[in-house]
Amino acid sequence: MMLKAVKIVVSGLVQGVGFRYFVQSTANNFGLTGYVRNLYNGDVETEAEGDEEILKRFVDKVKIGPRFAHVNSFFIDYSEYEGKYKTFEVRY
């Protein structure tokens with residue numbers, strides 16, 4: 001098992017469609033830690049930590065998003081695992 005971190009910024013119709021709760025639920029199902037939050041420009045930012053293979057599956061789900069979301073673009077940046085988070089939370 002190789003631990004990594006990932007930062008994802010998603011653009012499109014991603015606020016007001018349950019995107020943060022979808023991301024939180026998906027992260028919890030995969031056993032990841034981190035956070036998701038809305039940005040003022042309308043994007044959604046996520047940071048997650050966990051097993052590298054599971055993170056890749058998580059990223060694939062986030063790229064699609066929940067049913068009513070429409071993802072136009074996304075930024076993904078993998079980095080070293082730091083163990084910064086205990087849970088996965090929605091930040092406000």
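Guide: One term to begin with: contact, or touching, means heavy atoms within 4.5 Å. This is a predicted model, where local features need pLDDT of at least 70, side-chain atom pairs count only at pLDDT 80 or more, and totals for chains, interfaces and linings use all residues. Residues are numbered from 1 along each chain as its sequence is written, and side-chain values use heavy atoms, with hydrogens and water left out.

Visitor: Which residues does Thr26 touch?
Guide: Leaving aside residues up to four places away in sequence, Thr26 touches Phe58 and Lys61.

Visitor: And where is Thr26 placed?
Guide: In helix 1. Helices (H or I, at least four residues) and strands (E, at least two) are DSSP runs, numbered from the N terminus.

Visitor: Does Thr26 count as buried or exposed?
Guide: Buried, because its relative accessibility is 9%. The cut-offs: buried is under 20% relative accessible area, exposed is over 50%, partly exposed is in between (1.4 Å probe, protein chains only).

Visitor: New topic. What is the strand order in the sheet?
Guide: The order is 4-1-3-2-5, in an open sheet of 5 strands with mixed pairing. Two strands pair if DSSP finds at least two bridges between them.

Visitor: Which strands stand at the edges?
Guide: Strand 4 (70-80) and strand 5 (88-91). Each has a single partner strand, so one side of each lacks a neighbour in the sheet.

Visitor: In which sense do strand 2 and strand 5 pair?
Guide: Strand 2 (residues 33-38) pairs with strand 5 in the parallel sense, over 4 bridges. Arg37 stands opposite Arg91 in strand 5.
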